[in-house]
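Dear colleague,

I am passing on a structure that you have not worked with before, and I would be glad if you could look it over.

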Amino acid sequence: MCKPTRSRSWRSWLGLLPALLLVAWGSLSCRSPYPEYVLPPERVGPLAAPEVTREVTRVVARVITATPPPRRPASLNRPLVMLLAPQATPDAATLALAQRLAAALDRRIGQEVRVVVPSDYAQSINALCANQADVAWLATPAYLLAAQRCGAQATWTVLRQDLPYHRGAWVALSVAARSADGLAPIRSLADLQGRAVAFTAPESSTGYLFPRAMLTREGIAPGEEVFVAGDIQAVFAVYRGEVDAAAVFWAPPGDDGSPGDARMLLAHILSDMTERVEVLALTERVPNDPLVMRGNLAPELRDALLVGLFDVARSAEGRELLDELYAISGLAPTHDAAYDGVREMIRLLGIDAQDLLDGRVMPVPAGQEAAGGE
(Lines give C-alpha, C1' and ligand atoms only; values in the text may rest on other atoms or scores of the structure.)
Protein backbone atom coordinates (compact mmCIF):
# COMPACT_ATOMS: atom_id res chain seq x y z
CA MET A 1 0.00 0.00 0.00
CA CYS A 2 1.43 3.38 -1.00
CA LYS A 3 1.91 6.06 1.63
CA PRO A 4 1.62 9.76 0.81
CA THR A 5 4.86 11.63 0.41
CA ARG A 6 3.31 15.07 0.78
CA SER A 7 5.17 17.79 2.68
CA ARG A 8 2.88 17.34 5.68
CA SER A 9 3.36 14.12 7.58
CA TRP A 10 0.43 11.82 8.43
CA ARG A 11 1.99 11.51 11.86
CA SER A 12 1.55 15.26 12.38
CA TRP A 13 -2.20 14.84 12.77
CA LEU A 14 -2.82 11.18 13.50
CA GLY A 15 -2.32 12.00 17.16
CA LEU A 16 -5.37 14.26 16.98
CA LEU A 17 -7.68 11.53 15.68
CA PRO A 18 -8.47 9.78 19.00
CA ALA A 19 -9.95 12.98 20.43
CA LEU A 20 -11.86 13.73 17.23
CA LEU A 21 -13.18 10.20 17.00
CA LEU A 22 -14.28 10.28 20.65
CA VAL A 23 -16.24 13.49 20.12
CA ALA A 24 -17.74 12.25 16.86
CA TRP A 25 -18.69 8.89 18.36
CA GLY A 26 -20.39 10.56 21.31
CA SER A 27 -22.82 12.40 19.05
CA LEU A 28 -23.20 9.85 16.26
CA SER A 29 -23.08 6.47 17.92
CA CYS A 30 -26.79 6.02 17.34
CA ARG A 31 -26.58 6.97 13.64
CA SER A 32 -25.14 4.22 11.52
CA PRO A 33 -25.22 5.37 7.88
CA TYR A 34 -25.46 1.78 6.69
CA PRO A 35 -27.98 -0.48 8.45
CA GLU A 36 -27.35 -3.83 6.87
CA TYR A 37 -30.77 -5.26 6.03
CA VAL A 38 -34.26 -3.75 5.90
CA LEU A 39 -37.86 -4.67 5.07
CA PRO A 40 -40.94 -2.66 4.05
CA PRO A 41 -42.61 0.12 6.06
CA GLU A 42 -46.29 0.95 5.74
CA ARG A 43 -45.93 2.21 2.21
CA VAL A 44 -43.89 1.31 -0.83
CA GLY A 45 -43.84 4.59 -2.65
CA PRO A 46 -42.37 5.86 -5.92
CA LEU A 47 -38.64 6.02 -5.29
CA ALA A 48 -37.00 6.26 -8.70
CA ALA A 49 -37.38 7.45 -12.26
CA PRO A 50 -40.89 7.31 -13.81
CA GLU A 51 -40.31 4.02 -15.63
CA VAL A 52 -39.21 2.35 -12.39
CA THR A 53 -42.09 3.91 -10.51
CA ARG A 54 -44.56 2.34 -12.93
CA GLU A 55 -42.96 -1.04 -12.31
CA VAL A 56 -43.10 -0.58 -8.54
CA THR A 57 -46.80 0.31 -8.75
CA ARG A 58 -47.56 -2.70 -10.93
CA VAL A 59 -45.70 -5.16 -8.72
CA VAL A 60 -47.12 -3.84 -5.48
CA ALA A 61 -50.63 -3.97 -6.91
CA ARG A 62 -50.08 -7.60 -7.86
CA VAL A 63 -48.72 -8.37 -4.41
CA ILE A 64 -51.62 -6.75 -2.58
CA THR A 65 -54.29 -8.41 -4.71
CA ALA A 66 -52.67 -11.86 -4.93
CA THR A 67 -54.60 -14.66 -3.22
CA PRO A 68 -52.54 -16.63 -0.69
CA PRO A 69 -52.44 -20.36 -1.48
CA PRO A 70 -54.16 -22.92 0.74
CA ARG A 71 -52.15 -24.49 3.53
CA ARG A 72 -49.50 -26.91 2.30
CA PRO A 73 -50.04 -26.62 -1.46
CA ALA A 74 -49.06 -29.66 -3.48
CA SER A 75 -46.04 -27.84 -4.90
CA LEU A 76 -44.18 -27.97 -1.55
CA ASN A 77 -44.24 -30.84 0.94
CA ARG A 78 -42.24 -29.09 3.63
CA PRO A 79 -42.31 -25.74 5.44
CA LEU A 80 -41.23 -22.65 3.55
CA VAL A 81 -37.68 -21.81 4.62
CA MET A 82 -36.38 -18.26 4.97
CA LEU A 83 -32.70 -17.61 5.67
CA LEU A 84 -31.67 -14.51 7.61
CA ALA A 85 -28.27 -12.80 7.46
CA PRO A 86 -25.53 -15.23 8.52
CA GLN A 87 -24.15 -15.46 12.04
CA ALA A 88 -21.44 -17.96 12.94
CA THR A 89 -23.06 -18.38 16.37
CA PRO A 90 -26.59 -16.92 16.45
CA ASP A 91 -27.39 -15.05 19.64
CA ALA A 92 -30.52 -15.73 21.66
CA ALA A 93 -32.12 -12.42 20.69
CA THR A 94 -31.78 -13.13 16.96
CA LEU A 95 -33.19 -16.64 17.36
CA ALA A 96 -36.18 -15.27 19.27
CA LEU A 97 -36.83 -12.66 16.58
CA ALA A 98 -36.56 -15.36 13.90
CA GLN A 99 -39.28 -17.36 15.66
CA ARG A 100 -41.53 -14.29 15.87
CA LEU A 101 -41.04 -13.56 12.16
CA ALA A 102 -41.83 -17.17 11.26
CA ALA A 103 -45.05 -17.06 13.30
CA ALA A 104 -46.09 -13.73 11.76
CA LEU A 105 -45.58 -15.05 8.21
CA ASP A 106 -47.25 -18.38 8.97
CA ARG A 107 -50.43 -16.62 10.16
CA ARG A 108 -50.62 -14.54 7.01
CA ILE A 109 -49.84 -16.96 4.19
CA GLY A 110 -51.43 -20.17 5.45
CA GLN A 111 -48.18 -22.09 5.09
CA GLU A 112 -45.78 -23.23 7.78
CA VAL A 113 -42.63 -21.09 7.70
CA ARG A 114 -39.21 -21.76 9.20
CA VAL A 115 -36.80 -18.83 9.64
CA VAL A 116 -33.21 -20.02 9.92
CA VAL A 117 -29.93 -18.24 10.68
CA PRO A 118 -27.19 -19.74 8.45
CA SER A 119 -23.54 -19.77 9.43
CA ASP A 120 -22.29 -17.97 6.29
CA TYR A 121 -23.36 -16.85 2.82
CA ALA A 122 -21.98 -20.00 1.22
CA GLN A 123 -24.54 -21.99 3.20
CA SER A 124 -27.31 -19.63 2.06
CA ILE A 125 -26.32 -19.94 -1.61
CA ASN A 126 -26.02 -23.72 -1.44
CA ALA A 127 -29.40 -24.04 0.28
CA LEU A 128 -31.14 -21.91 -2.37
CA CYS A 129 -29.51 -23.83 -5.22
CA ALA A 130 -30.34 -27.22 -3.67
CA ASN A 131 -34.02 -26.27 -3.13
CA GLN A 132 -33.51 -26.54 0.64
CA ALA A 133 -34.35 -22.86 1.20
CA ASP A 134 -36.92 -20.70 -0.57
CA VAL A 135 -35.99 -17.11 0.28
CA ALA A 136 -32.89 -15.50 1.76
CA TRP A 137 -31.53 -12.14 2.79
CA LEU A 138 -28.27 -11.90 0.83
CA ALA A 139 -25.47 -9.39 0.52
CA THR A 140 -25.20 -8.23 -3.09
CA PRO A 141 -22.08 -10.32 -3.92
CA ALA A 142 -23.81 -13.42 -2.54
CA TYR A 143 -26.84 -12.66 -4.72
CA LEU A 144 -24.69 -12.35 -7.83
CA LEU A 145 -23.19 -15.77 -7.12
CA ALA A 146 -26.60 -17.37 -6.44
CA ALA A 147 -28.07 -15.84 -9.62
CA GLN A 148 -25.13 -17.10 -11.65
CA ARG A 149 -25.16 -20.61 -10.20
CA CYS A 150 -28.85 -21.44 -10.12
CA GLY A 151 -30.96 -18.52 -11.33
CA ALA A 152 -31.91 -17.14 -7.91
CA GLN A 153 -34.09 -14.04 -8.27
CA ALA A 154 -33.91 -10.67 -6.52
CA THR A 155 -37.46 -9.73 -5.55
CA TRP A 156 -37.16 -6.82 -3.11
CA THR A 157 -34.35 -4.40 -2.44
CA VAL A 158 -33.85 -2.94 0.99
CA LEU A 159 -34.49 0.72 1.71
CA ARG A 160 -32.12 2.90 3.67
CA GLN A 161 -33.30 6.41 4.43
CA ASP A 162 -36.26 5.52 2.19
CA LEU A 163 -33.97 4.93 -0.81
CA PRO A 164 -33.37 1.61 -2.62
CA TYR A 165 -29.78 2.59 -3.38
CA HIS A 166 -26.78 4.35 -1.87
CA ARG A 167 -23.98 6.39 -3.38
CA GLY A 168 -20.39 7.30 -2.75
CA ALA A 169 -18.79 10.70 -3.21
CA TRP A 170 -15.40 12.07 -4.10
CA VAL A 171 -14.59 15.04 -1.85
CA ALA A 172 -11.78 17.57 -2.25
CA LEU A 173 -10.71 20.94 -0.88
CA SER A 174 -12.61 23.83 -2.40
CA VAL A 175 -10.87 25.89 -5.06
CA ALA A 176 -10.60 28.78 -2.58
CA ALA A 177 -9.08 26.60 0.14
CA ARG A 178 -6.54 25.05 -2.22
CA SER A 179 -5.59 28.47 -3.59
CA ALA A 180 -5.09 29.77 -0.04
CA ASP A 181 -2.78 26.80 0.60
CA GLY A 182 -0.85 27.43 -2.61
CA LEU A 183 -2.25 24.34 -4.36
CA ALA A 184 -3.58 23.98 -7.89
CA PRO A 185 -7.39 23.82 -7.98
CA ILE A 186 -9.27 20.53 -8.38
CA ARG A 187 -12.47 21.03 -10.31
CA SER A 188 -13.18 17.55 -11.73
CA LEU A 189 -12.15 13.92 -11.48
CA ALA A 190 -9.72 14.47 -14.35
CA ASP A 191 -7.70 16.71 -12.02
CA LEU A 192 -6.97 13.65 -9.85
CA GLN A 193 -4.55 12.31 -12.46
CA GLY A 194 -1.26 11.77 -10.64
CA ARG A 195 -2.69 13.06 -7.32
CA ALA A 196 -2.80 11.52 -3.85
CA VAL A 197 -6.20 10.02 -2.99
CA ALA A 198 -7.62 8.28 0.09
CA PHE A 199 -10.05 5.39 0.35
CA THR A 200 -11.75 4.04 3.48
CA ALA A 201 -11.45 0.24 3.14
CA PRO A 202 -11.08 -2.25 0.26
CA GLU A 203 -14.47 -3.87 0.90
CA SER A 204 -16.44 -0.59 1.02
CA SER A 205 -18.76 0.00 -1.94
CA THR A 206 -18.83 3.77 -1.34
CA GLY A 207 -15.37 4.22 0.15
CA TYR A 208 -13.46 2.25 -2.50
CA LEU A 209 -15.14 -0.08 -4.99
CA PHE A 210 -17.44 2.25 -6.94
CA PRO A 211 -15.28 5.39 -6.62
CA ARG A 212 -12.22 3.43 -7.79
CA ALA A 213 -14.20 2.02 -10.71
CA MET A 214 -15.12 5.61 -11.69
CA LEU A 215 -11.44 6.45 -12.07
CA THR A 216 -10.78 3.22 -13.96
CA ARG A 217 -13.62 3.92 -16.39
CA GLU A 218 -12.25 7.41 -17.09
CA GLY A 219 -8.66 6.21 -17.41
CA ILE A 220 -7.54 8.33 -14.43
CA ALA A 221 -4.46 7.05 -12.58
CA PRO A 222 -3.84 8.54 -9.12
CA GLY A 223 -0.22 9.01 -8.17
CA GLU A 224 -0.75 7.73 -4.63
CA GLU A 225 -3.52 5.64 -3.05
CA VAL A 226 -3.94 5.03 0.66
CA PHE A 227 -6.55 3.30 2.83
CA VAL A 228 -7.27 5.27 6.00
CA ALA A 229 -9.76 2.88 7.72
CA GLY A 230 -12.83 5.10 7.90
CA ASP A 231 -14.92 7.99 6.57
CA ILE A 232 -13.92 10.33 9.40
CA GLN A 233 -10.25 9.76 8.66
CA ALA A 234 -10.86 10.25 4.92
CA VAL A 235 -12.59 13.64 5.17
CA PHE A 236 -10.11 14.78 7.82
CA ALA A 237 -7.21 13.90 5.52
CA VAL A 238 -8.74 16.12 2.82
CA TYR A 239 -9.47 18.90 5.31
CA ARG A 240 -5.83 18.87 6.44
CA GLY A 241 -4.53 18.78 2.87
CA GLU A 242 -2.78 15.45 3.41
CA VAL A 243 -4.44 14.04 0.28
CA ASP A 244 -5.97 15.75 -2.72
CA ALA A 245 -9.28 13.87 -2.61
CA ALA A 246 -11.03 11.04 -0.81
CA ALA A 247 -13.87 8.59 -1.46
CA VAL A 248 -16.58 8.56 1.22
CA PHE A 249 -20.26 7.73 1.70
CA TRP A 250 -22.97 10.11 0.51
CA ALA A 251 -26.60 10.63 1.51
CA PRO A 252 -29.09 13.38 0.62
CA PRO A 253 -28.85 16.65 2.61
CA GLY A 254 -31.04 17.00 5.68
CA ASP A 255 -34.21 19.07 5.75
CA ASP A 256 -32.18 21.94 7.19
CA GLY A 257 -29.70 21.77 4.32
CA SER A 258 -26.97 20.11 6.37
CA PRO A 259 -24.84 17.63 4.42
CA GLY A 260 -25.80 13.98 4.50
CA ASP A 261 -22.38 12.81 3.36
CA ALA A 262 -19.33 11.97 5.45
CA ARG A 263 -18.48 15.62 6.10
CA MET A 264 -21.28 15.73 8.67
CA LEU A 265 -19.23 13.36 10.87
CA LEU A 266 -16.88 16.25 11.70
CA ALA A 267 -18.92 19.35 10.79
CA HIS A 268 -20.07 19.81 14.39
CA ILE A 269 -16.48 20.19 15.64
CA LEU A 270 -14.90 21.77 12.55
CA SER A 271 -17.13 24.72 11.76
CA ASP A 272 -15.59 25.39 8.34
CA MET A 273 -15.74 21.75 7.19
CA THR A 274 -18.45 22.23 4.56
CA GLU A 275 -16.87 25.44 3.24
CA ARG A 276 -13.38 23.98 3.10
CA VAL A 277 -14.28 20.49 1.80
CA GLU A 278 -16.68 20.13 -1.14
CA VAL A 279 -18.26 17.23 -3.00
CA LEU A 280 -16.40 16.80 -6.28
CA ALA A 281 -18.48 14.02 -7.86
CA LEU A 282 -20.98 11.31 -6.95
CA THR A 283 -20.75 7.66 -7.90
CA GLU A 284 -23.56 6.03 -9.79
CA ARG A 285 -26.37 4.55 -7.73
CA VAL A 286 -25.29 1.44 -5.86
CA PRO A 287 -28.29 -0.89 -5.36
CA ASN A 288 -28.96 -1.97 -1.81
CA ASP A 289 -28.90 -5.63 -0.82
CA PRO A 290 -31.77 -7.80 -2.10
CA LEU A 291 -34.23 -10.30 -0.69
CA VAL A 292 -33.72 -13.33 -2.94
CA MET A 293 -35.97 -16.26 -3.87
CA ARG A 294 -34.86 -19.47 -5.49
CA GLY A 295 -35.41 -19.41 -9.22
CA ASN A 296 -37.74 -22.43 -9.45
CA LEU A 297 -40.06 -21.49 -6.57
CA ALA A 298 -43.68 -22.12 -7.61
CA PRO A 299 -45.47 -18.87 -8.60
CA GLU A 300 -48.21 -19.33 -5.97
CA LEU A 301 -45.60 -19.70 -3.23
CA ARG A 302 -43.65 -16.72 -4.52
CA ASP A 303 -46.81 -14.59 -4.44
CA ALA A 304 -47.68 -15.90 -0.98
CA LEU A 305 -44.30 -14.84 0.36
CA LEU A 306 -44.56 -11.41 -1.25
CA VAL A 307 -48.02 -10.88 0.23
CA GLY A 308 -46.98 -12.18 3.64
CA LEU A 309 -43.89 -10.01 3.89
CA PHE A 310 -45.77 -6.95 2.71
CA ASP A 311 -48.53 -7.53 5.26
CA VAL A 312 -46.10 -8.20 8.10
CA ALA A 313 -44.19 -5.03 7.35
CA ARG A 314 -47.36 -2.92 7.31
CA SER A 315 -48.41 -4.07 10.77
CA ALA A 316 -47.27 -2.36 13.96
CA GLU A 317 -46.07 -5.71 15.26
CA GLY A 318 -44.12 -6.39 12.09
CA ARG A 319 -42.49 -2.96 11.95
CA GLU A 320 -41.31 -3.31 15.52
CA LEU A 321 -40.06 -6.85 14.91
CA LEU A 322 -38.17 -6.00 11.76
CA ASP A 323 -36.70 -2.86 13.24
CA GLU A 324 -35.36 -4.91 16.15
CA LEU A 325 -34.01 -7.51 13.77
CA TYR A 326 -32.16 -5.34 11.22
CA ALA A 327 -32.87 -1.62 11.84
CA ILE A 328 -35.30 -1.82 8.91
CA SER A 329 -36.44 1.27 7.06
CA GLY A 330 -38.23 -0.12 4.00
CA LEU A 331 -38.31 -2.34 0.94
CA ALA A 332 -39.19 -1.87 -2.75
CA PRO A 333 -39.52 -4.28 -5.69
CA THR A 334 -36.38 -4.93 -7.73
CA HIS A 335 -35.08 -7.22 -10.48
CA ASP A 336 -31.81 -8.74 -11.63
CA ALA A 337 -30.91 -5.99 -14.12
CA ALA A 338 -30.75 -3.50 -11.24
CA TYR A 339 -27.45 -5.16 -10.26
CA ASP A 340 -25.78 -4.86 -13.67
CA GLY A 341 -23.92 -1.80 -12.42
CA VAL A 342 -22.29 -3.93 -9.72
CA ARG A 343 -21.30 -6.49 -12.34
CA GLU A 344 -19.72 -3.74 -14.44
CA MET A 345 -17.82 -2.41 -11.41
CA ILE A 346 -16.47 -5.91 -10.75
CA ARG A 347 -15.33 -6.18 -14.36
CA LEU A 348 -13.58 -2.82 -14.28
CA LEU A 349 -11.68 -3.67 -11.11
CA GLY A 350 -10.64 -7.10 -12.40
CA ILE A 351 -12.22 -9.02 -9.51
CA ASP A 352 -15.25 -11.26 -9.12
CA ALA A 353 -18.23 -11.64 -6.80
CA GLN A 354 -16.45 -14.29 -4.73
CA ASP A 355 -13.57 -11.87 -4.16
CA LEU A 356 -16.06 -9.30 -2.87
CA LEU A 357 -17.79 -11.81 -0.63
CA ASP A 358 -14.49 -13.01 0.84
CA GLY A 359 -13.01 -9.53 1.20
CA ARG A 360 -10.21 -10.28 -1.28
CA VAL A 361 -10.15 -6.90 -2.99
CA MET A 362 -6.90 -5.15 -3.86
CA PRO A 363 -6.27 -1.73 -5.43
CA VAL A 364 -6.06 -1.56 -9.21
CA PRO A 365 -2.33 -1.33 -10.05
CA ALA A 366 -1.31 2.12 -11.25
CA GLY A 367 -0.83 2.30 -15.00
CA GLN A 368 -3.57 -0.21 -15.87
CA GLU A 369 -6.54 2.17 -15.73
CA ALA A 370 -6.76 2.92 -19.43
CA ALA A 371 -6.71 -0.73 -20.37
CA GLY A 372 -9.25 -1.61 -17.69
CA GLY A 373 -11.67 1.03 -18.92
CA GLU A 374 -11.88 -0.24 -22.50
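Cys129 is partly exposed in this predicted model, its relative accessible area being 30%, a value that falls between the limit of under 20% for buried residues and that of over 50% for exposed ones. Cys150, with a relative accessible area of 28%, is likewise partly exposed.

Cys129 sits in helix α5 (residues 121-129) and Cys150 in helix α6 (residues 140-150), so that the pair ties together parts that are 21 residues apart in sequence. The torsion about the S-S bond of Cys129 and Cys150 is about -70°, and the disulfide is therefore left-handed.

Elsewhere in the chain, Ala103 is found in helix α4, which covers residues 92-109, and this alanine counts as partly exposed because its relative accessibility is 33%. Between the C-alpha atoms of Ala103 and Val113, which are ten residues apart along the chain, the separation is 7.3 Å.

Finally, there is helix α12 (residues 299-314), whose 16 residues should span 22 Å at 1.5 Å a residue, and the 23 Å between its end C-alpha atoms agrees with that expectation. As for burial in α12, the buried residues are Leu301, Ala304, Leu305, Leu306, Val307, Gly308, Leu309, Phe310, Val312 and Ala313.

With kind regards

Key. Residues are numbered from 1 along each chain as its sequence is written. This is a predicted model: local features need pLDDT of at least 70, side-chain atom pairs count only at pLDDT 80 or more; totals for chains, interfaces and linings use all residues. Side-chain values use heavy atoms; hydrogens and water are left out. Helices (H or I, at least four residues) and strands (E, at least two) are DSSP runs, numbered from the N terminus. Buried means under 20% relative accessible area, exposed over 50%, partly exposed in between (1.4 Å probe, protein chains only). The expected span of a helix is 1.5 Å times one less than its number of residues. A disulfide is a pair of cysteine sulfur atoms within 2.5 Å.
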